[in-house]
Amino acid sequence: MLFAKIQYDEVIEFPVNERRLREALKNMSLPKEITDEHLQGTGYVVIGPWSSFEQPEESEDYEVRLDIPVKTENGWERTWKLQPVPETNKPHRRRFKLKQIRAKRDVLMERGDKLIARYYREVRLGLPITFSIERIDAFMQALAEITDSPDLFNITWPEL
């Protein structure tokens, strides 16, 4: 959870994490779960993880960063901005993105392995086939090739 210091409906400090908030309000007893009600009169507000503003898509050239929250009818909400990625950071971002993709792919491949086992069990027992082996093979092959995508920041994940 993040917080912001507000003065006359203007953000004067953001982001404020819970540790910094507790340090700033060290003479005040705050519960484990801090709400706007607990912060009344302190100048701080809760900036929840939700937002009615759409988060922009990251790309190889731009990363999404938190921007100054805005006050809406729902309270103070998060906003984002796209920030250009320096050329020197692009290889690191690409490696990190590949790591994320491989982690998700591995989970999906485990699911595919279970479907293969299920298929052969259904064949052995003469049960109706849930997923054809061709469909499972196509899914697994698409997963195997997912890291060859030209745009790692815009992946279309295969479906069964």
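A salt bridge is a side-chain nitrogen of Lys or Arg within 4 Å of a carboxyl oxygen of Asp or Glu. In this predicted model, Glu-58, Glu-63, Arg-65 and Arg-93 are linked in a network of such bridges. A search of the whole structure finds 11 salt bridges. Side chains of opposite charge can pair when their charged atoms come close.

- The side chains of Glu-58 and Arg-93 form a salt bridge, at 3.7 Å from N to O.
- Glu-58 sits in the loop between β3 and β4 (62-72), while Arg-93 belongs to helix α3 (residues 90-125), so the pair ties together parts that are 35 residues apart in sequence.
- Glu-58 is partly exposed, at 29% relative accessible area.
- Arg-93 has 15% relative accessibility and counts as buried.

- Arg-20 pairs with Glu-13, and their closest N and O atoms are 2.5 Å apart.
- Arg-20 is partly exposed at 34%, and Glu-13 is partly exposed at 28%.
- Glu-18 and Arg-22 meet in a salt bridge of 2.9 Å, N to O.
- Glu-18 and Arg-22 are four residues apart in helix α1 (residues 18-24), so about one helical turn separates them.
- Glu-18 is partly exposed at 32%, and Arg-22 is partly exposed at 29%.

**Strand β3**
- In a regular strand the side chains alternate between the two faces of the sheet.
- Strand β3 (residues 44-47) is covered on both faces.
- Tyr-44 and Val-46 are buried on one side, and Val-45 and Ile-47 are buried on the other.
- Strand β1 (residues 2-7) runs antiparallel to β3, and four bridges join the two.
- Phe-3 has Val-46 as its bridge partner in β3.

Conventions. Residues numbered from 1 in each chain as written. Predicted model: local features only at pLDDT ≥ 70, side-chain atom pairs only at ≥ 80, totals over all residues. Heavy atoms only, no water. Buried < 20%, exposed > 50% of the residue type's maximum accessible area, 1.4 Å probe, protein only. Pairing = 2+ DSSP bridges.
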